[in-house]
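Subject: Structure handover

Hello,

Here is the structure I said I would pass on. Please open it before reading the notes below it.

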Amino acid sequence: MIREPVQPATIRRKVEAWLSEGDSQMALALRATPVWDDEPILTVGENANAARVVPCPTPIAVRAALHDRREGERLVLLTELTDLELGDGLLAHLSRGQIRSVDRWDLVRQMFKLTNLDPTIVSSTMGGGGWIADALAQYQPREGWPPPPGTVLTRDHVLRCLSAQLLGLDRGRLDSAGLLQWTTDAHSLLQFSHLPSDVLNGITGYLTEIAGPAVASIMAAVRSGHGVDAIPLGLLAAALWPVPNGAPVSTDVIIARTRLEPYFGGERLTDEQAYAFRVAAEAWVDRALDSDRDAGLLREVHRVFNRAEDLAKKVDAARLLTASDLLPLGFTHRLHAFTASIRRALPTKGRVSAEAVLSAQHALEAVERHRGADNQSRVDTARMALRLLRWLSTPEPAAPQTLLKAVWRQVREDGWVDRARLDLFVGDTDPNVAQAYRQLYHAVDQRRALHDHQFANLLATSTAAESEPGTLLRVEDVLDRVVAPILERHPVLLLVMDGMSVAAATELVESVTRSGSWLELTPDGGARTGVLAALPSVTEVSRCSLFSGRIAVGKAKAERAAFTQRFPKGMLLHKGSLRAGAGSALDFDVVEAVANRNVPLVAAVVNTIDDALDRSEPDTIVWGQENIAAVRALLEVAQDRVVVLVSDHGHVLDRGPDSVTRTSPSSENRWRPSNPPAGEGEIAVHGSRVGLGNSSVVLPWREELRYGPRKSGYHGGASPAEVVIPLIVLSAGDDQAVPGWGGAPVASPDWWREALTGATAVAAAPVAPRRPTPKSDQDLTLFDESPAPTSAPEKSPKPKHPALVEALLASEIYRQRQGTRAPLPNERVAALLTVLLAGGGRATLDTMAAHAGVPAHRIGGTVTALRKLLQVEGYPVLDIDADGQTVKLDTALLIEQFDLEQA
């Protein structure tokens with residue numbers, strides 16, 4: 001029989017066992033191939049005991065080794081001789097008087113201190129074999145192998161211990177995540193690569209067995225010398241092996257996969273291996289990005305990203321990275337595709353087609369799926385671009401015939417346009433993206449300029465006519481027509497946000513109402529309304545007029561005098577009065593006054609926005625309470641008050657190189673004296689509401705026009721962004737707090753929220769409240785809206801709903817469930833479900849509220865009631881997506897649970 005040479009580690013373990021016996025004999029004979037290529041002297045044990053290894057093929061060699069042994073020296077004799085061949089004379093000098101056998105599995109039992117072995121450890125056909133015993137002997141840790149939990153030494157325990165030792169990992173981390181982290185340690189990879197091939201094969205096979213197919217790809221990269229690229233290769237696999245969608249694999253992808261094979265030792269990854277590999281690599285990146293922004297891990301992530309893109313370029317696959325949800329180049333490709341869809345959508349004339357918007361929306365969905373950590377602001381800008389594209393696809397309505405209608409258009413539509421185009425104006429650093437945004441911006445600006453011109457003409461006409469305002473709220477009317485009626489029942493906090501435009505107000509109200517502690521009220525629970533600034537729309541005219549209740553001109557001293565005369569028990573706070581010392585958000589006197597119900601009206605002027613127009617870059621600021629400290633602090637102490645948010649004027653931003661500067665006899669930026677006459681982009685305005693220029697001035701209505709020095713932003717002109725003032729009323733949780741006011745509906749227009757799949761409109765429209773007999777605009781009160789011209793009154797037809805909704809309402813199961821729960825009117829149920837069906841089974845809470853006529857603050861509770869109504873036997877017919885904002889309808893389950901197929 002031909003024996004395999006015994007591994008040095010096995011000899012070492014036998015010697016250790018021999019020494020632990022306390023044997024007095026100085027020679028140990030082991031039955032083994034008499035070959036020894038290792039160091040002749042073995043040093044073993046904690047006491048560094050030495051033993052000389054001597055191969056002995058014949059009895060003479062044994063005799064010679066014993067004869068030549070030095071005093072105190074221990075010998076280990078390797079021989080294939082039998083005891084009989086050696087003879088009693090030589091055996092007498094050996095430990096136990098015999099030649100001991102070298103059984104590697106006995107040695108395994110010895111190392112784990114167990115006698116029962118799982119047969120699969122020994123059998124090479126069952127994933128075991130002699131390589132395991134040799135490796136256990138060779139790589140045993142100093143503290144020894146940990147014993148198994150039971151009485152049988154299992155293959156899994158042995159190989160898990162061995163793998164953990166060889167990789168330098170904890171036994172609990174032998175999964176794809178742990179292995180990918182291990183590949184970031186180049187030293188560990190180098191040590192592993194020097195292991196014998198049978199050990200490498202065995203460990204790789206075991207890890208693949210316990211950790212899944214991803215390990216096959218990881219270990220193939222490691223063994224081919226590309227272990228440090230394992231994570232980058234996994235990210236590249238995400239692009240070359242995307243989630244199967246039934247589409248054929250392109251030739252470019254097949255070629256790129258082939259070029260990638262050398263990085264896996266020439267192996268071609270199977271689809272299963274590649275998909276598992278990509279999932280593991282992407283999970284590693286996600287964990288790193290979520291690790292409390294650890295600087296070291298973030299640097300490693302960026303290194304991995306850069307390396308993955310370098311590898312893609314080496315295999316000529318950079319253009320295929322569009323499929324990657326993580327690599328920066330993938331985001332760039334997707335953003336380029338989105339902006340290309342924008343360029344294609346913009347027509348030379350006419351409006352944007354619905355098909356073009358749908359194409360851009362699909363492209364944006366791909367951008368939004370990208371999970372790059374540094375892209376959020378660019379994604380937000382892309383969303384704004386899509387919103388503006390939707391707006392351009394809506395029909396241009398007839399020009400407003402009254403100034404009131406023009407104010408409403410600014411509050412309910414164009415103010416949202418202004419908010420979105422501001423993001424677009426800030427733009428993007430990528431030249432391709434910037435060019436598309438610039439084209440879109442100019443297309444939007446062209447339509448907005450038409451609206452601005454219409455507004456300016458109505459403003460000039462109305463101002464000159466000196467007509468009664470009717471429903472139109474003017475800044476000098478706010479205290480009498482809005483604040484005073486509320487004071488009859490509640491104390492009021494009046495926040496005058498200097499320079500806040502309608503666009504800025506949409507951001508501020510969203511941030512204030514987001515938590516649910518404050519809710520917005522509107523006249524009769526209808527749409528928002530706005531206020532007309534005094535002219536020119538500068539602080540010294542418009543804010544002084546606000547506090548005076550008439551057109552007046554003055555600064556803080558005049559404002560305070562007028563306010564005190566009108567509200568002697570009230571308190572007016574300007575910027576200096578709000579400031580407090582270290583540790584306090586507000587001056588103690590301010591806090592005390594707000595808490596004191598004997599101070600019926602506390603008015604605070606907050607200059608944060610106007611200051612930004614003069615000294616910073618307001619185009620990069622989101623105007624939430626997080627960025628306006630005074631608002632946040634005042635709202636915290638004003639829970640017992642109704643809050644009225646208003647401004648003195650809006651603003652327009654500097655247009656940079658697109659700005660137009662004209663000379664003027666005065667140094668004002670956005671108004672000038674009436675001489676010389678108005679030119680292009682300007683309009684002459686005169687009347688009693690003009691507080692400067694002897695009641696006659698020229699105001700620019702084009703936003704890019706100015707007369708004075710350059711600043712970040714300007715006000716004073718005739719554009720609706722400057723002249724229309726937002727009016728917001730807030731209550732701390734009570735939508736019945738103010739008579740005549742109710743919970744506000746969703747404020748944003750349809751095009752802002754979302755495009756419903758396959759539909760340009762939703763069938764379920766909110767039912768308008770009944771109105772009294774039509775009046776003229778001048779005769780209307782604050783809570784009336786001017787009527788649309790009609791010939792003869794017609795009975796409103798009952799809204800039509802999809803057949804599925806009608807079948808549900810008629811079903812017996814539905815009627816039974818409705819009778820046992822809090823009532824939800826059938827029309828409300830029908831409207832909500834119609835919205836969901838129109839959106840392909842999905843709709844945001846805001847969209848459902850807007851189209852079903854539900855106040856914004858009540859839509860959460862309404863959807864909860866609908867979920868309970870439709871949830872038969874606990875099955876979730878209706879559910880909320882992980883984003884907390886999207887409602888999902890399982891149409892098939894609805895049909896099944898309510899037996900509608902038989903209806």
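The notes below cover a helix, a surface patch and a group of strands.

Please keep in mind that this is a predicted model.

Helix 20
Helix 20 takes in residues 431-465, which is 35 residues. At 1.5 Å a residue the helix should span 51 Å, and its end C-alpha atoms are 49 Å apart, so the two values agree. The N-terminal end of helix 20 is capped by Asp430, which has a side-chain oxygen 2.9 Å from the backbone nitrogen of Asn432. Just after the helix comes Glu466, with a positive phi of about 55°.

Surface patch
Three residues, Val243, Tyr275 and Val279, make up a nonpolar patch on the surface. Together they have about 250 Å² of accessible area. Of these, Tyr275 belongs to helix 14, residues 271-289.

Strands 24, 25 and 26
Strand 26 (residues 886-889) runs antiparallel to strand 24 (residues 842-844), and three bridges join them. One of the partners here is Thr886 in strand 26, which is bridged to Thr844. Strand 26 is also joined by three bridges to strand 25 (residues 878-880), again antiparallel. In that pairing, Ile880 has Val887 of strand 26 as its bridge partner. Strands 25 and 26 form a hairpin, with five residues between them. Gly884 sits in the turn and has a positive phi of about 75°.

Regards

Notes:
Residues numbered from 1 in each chain as written. Predicted model: local features only at pLDDT ≥ 70, side-chain atom pairs only at ≥ 80, totals over all residues. Heavy atoms only, no water. Helix = DSSP H or I, 4+ residues; strand = E, 2+ residues; numbered from the N terminus. Expected span 1.5 Å × (residues − 1). Polar contact = N/O pair within 3.5 Å; in protein donor to acceptor, adjacent residues only side chain to side chain. Patch = residues over 30% accessible without salt bridge, like charges linked within 9 Å, V, L, I, M, F, W, Y side chains within 5 Å. Areas by Shrake-Rupley, 256 points an atom, 1.4 Å probe, with all protein chains shown as cover. Salt bridge = Lys/Arg side-chain N within 4 Å of Asp/Glu carboxyl O. Pairing = 2+ DSSP bridges.
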